[in-house]
Amino acid sequence: MTEIDAKIDALVPAWLTLPDIAEMLGVEVTRVRQLVKEGQLIAVRRGENRALQVPAAFIDEDKVVKGLTGTLTLLRDDGFTDEEMLEWLFTADESLPGTPAQALSENRGTEVKRRAQALAV
């Protein structure tokens, strides 16, 4: 859980608070905090009151976007920080097309993971 910088804040189109995510997933806020702690979600402090928030693109109605957790694990294994992961996930990639976050939400996780694995080489 880190502070957000203006560059990354501008890349991510929408954010959700942990209570909003808990409501969407039908779980307690403590479970959402656990997902963040386990590395299944990335939360950053942003906004006027520095509340923890997660990119809205990481939640698909009532679940975490398929393929996100594995992608985050690959990027962490490559040595990426939370900020670098957010930047990579929300920066357009012409070969996808779109951003890796968009591709994950469109169930194109295999392509995203391939690119994440290639970063380690």
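On helix α3, the face pointing away from the buried side carries two exposed residues, Thr-30 and Lys-37. Keep in mind that this is a predicted model.

Now for the other side of that helix. α3 spans residues 29-37, and Val-32, Leu-35 and Val-36 are buried there. Looking down the axis of α3, these buried residues fall within an arc of 100°, so they line one face of the helix. What do the buried residues of α3 pack against? Their partners are α2 (18-25) and β6 (63-64). Just past the end of α3 sits Gly-39, with a positive phi of about 85°.

Next up is the pairing of α4 with α5. Helix α4 covers residues 68-77 and helix α5 covers residues 82-89; the two pack at an angle of about 125°, and their axes are 10 Å apart. Since angles from 65 to 115 degrees count as roughly perpendicular and those over 145 as roughly antiparallel, that makes α4 oblique to α5. The crossing of α4 past α5 is right-handed.

Which residues make this contact? Here they are, helix by helix:

| Helix | Residues in the α4/α5 contact |
|---|---|
| α4 | Leu-68, Thr-71, Leu-72, Leu-75, Arg-76 |
| α5 | Asp-82, Met-85, Trp-88, Leu-89 |

Sorted by class, the contact of α4 with α5 has six nonpolar residues, one polar residue and two charged ones.

Terms used: Residues are numbered from 1 along each chain as its sequence is written. This is a predicted model: local features need pLDDT of at least 70, side-chain atom pairs count only at pLDDT 80 or more; totals for chains, interfaces and linings use all residues. Side-chain values use heavy atoms; hydrogens and water are left out. Axes are lines fitted to C-alpha atoms, for helices over the stretch in contact, and angles run from 0 to 180 degrees between N-to-C directions. Helices (H or I, at least four residues) and strands (E, at least two) are DSSP runs, numbered from the N terminus. Angles under 35 degrees count as roughly parallel, over 145 as roughly antiparallel, 65 to 115 as roughly perpendicular and the rest as oblique. A crossing is left-handed if the near helix is turned anticlockwise from the far one by less than a right angle, and right-handed if clockwise. Contact means heavy atoms within 4.5 Å. Ala, Val, Leu, Ile, Met, Phe, Trp, Tyr, Cys and Pro count as nonpolar, Asp, Glu, Lys and Arg as charged, and the others, Gly among them, as polar. Buried means under 20% relative accessible area, exposed over 50%, partly exposed in between (1.4 Å probe, protein chains only). The arc is that of the directions from the helix axis to the C-beta atoms.
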